Amino acid sequence: MDESKARKLVNKYIKGIRNGLQLWQWEINITYMHQEDALAELKIDAEYKKANIRINHDDHETEADLLRTLFHELLHIMHADFELYRDQVWETVSKRQAEVLDKSYTYACEKTVGRLLAIFEHGLGYDIKQFVKRTNYVNDKRLS
Ligand SMILES: [Zn+2]
C-alpha cells in the first residue's frame, strides 16, 4: 500500500480506535517507513504518555491488514504502564539480567496483545472498522 493511502486510512480510523481503547491522554505520533523485517515499530514514553508509531506501509496489502497493525500497536500503548515497571526493574539489575528480562517482557507483551486482538476479532467478532463504528456509537450516546 502506498504511503498516501495508508496515511488516509490511519487518519480516518485512529480517533475511533483511540476512543475505544480509552487512550485519550496519549500523544500519539504516526510516521511511515519502509523496513524489511517489521510491519511497524513503536516507541513509548509511558511516563509522559507519548508514543511514536512507525508504520511500514509497503508491507500491508489490504486496509484490514494495516488497521490490524495499527490496532496491535495501540493495544501495546493500552498496557504501557508496565513499561514503567520494566524500566524500574532494569535499574536494579545487571545489563545481562536486563537483556534476559527484556526478552521475557517482550514475549509477554506480544502474547498479551495477540490475545487482546483475538478477543476483538474472534471473541467479539469485530473487525477494526466495526470496532470503530461501535465505539463512535457508544461515545455519541455517552455525550448526548
Ligand atoms: Zn507487538
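Colleague: In what order do the strands of the sheet lie, and what kind of pairing do they have?

Modeller: Strands of a sheet pair through backbone hydrogen bonds, either parallel or antiparallel. In this predicted model, the three strands form an open sheet in the order E1-E3-E2, and the pairing is mixed. Strand E1, residues 27–33, and strand E2, residues 40–45, are the edge strands, since each of them pairs on one side only. From one strand to the next, the twist averages 15 degrees.

Colleague: How many bridges join E1 to strand E3?

Modeller: Seven bridges join E1 to E3, which covers residues 50–56, and these two strands run parallel. As one place to look in the structure, find Tyr-32, which stands opposite Ile-55 in E3.

Colleague: What pattern does the protein follow when it is read along the sequence?

Modeller: The pattern is α-β-β-β-α-α-α-α, made up of five helices and three strands. The radius of gyration of the protein is 16 Å, close to the 15 Å that the globule rule gives for 144 residues, so the protein is as compact as a globular protein of that length. Along the principal axes, its C-alpha atoms fill a box of roughly 50 × 40 × 30 Å.

Colleague: What share of the residues is buried?

Modeller: Counting a residue as buried if 20 or more other C-beta atoms lie within 10 Å of its own, buried residues make up 16% of the 144. Among contacts between residues at least 6 apart in sequence, 65% join residues at least 24 apart.

Methods:
Residues numbered from 1 in each chain as written. Predicted model: local features only at pLDDT ≥ 70, side-chain atom pairs only at ≥ 80, totals over all residues. Helix = DSSP H or I, 4+ residues; strand = E, 2+ residues; numbered from the N terminus. Rg over C-alpha atoms; globule rule 2.2 N^0.38 Å. Buried ≥ 20, exposed ≤ 12 C-beta atoms within 10 Å, placed from the backbone. Contact = placed C-beta atoms within 7 Å. Pairing = 2+ DSSP bridges. Axes fitted to C-alpha atoms, helices over the stretch in contact; angles between N-to-C directions.
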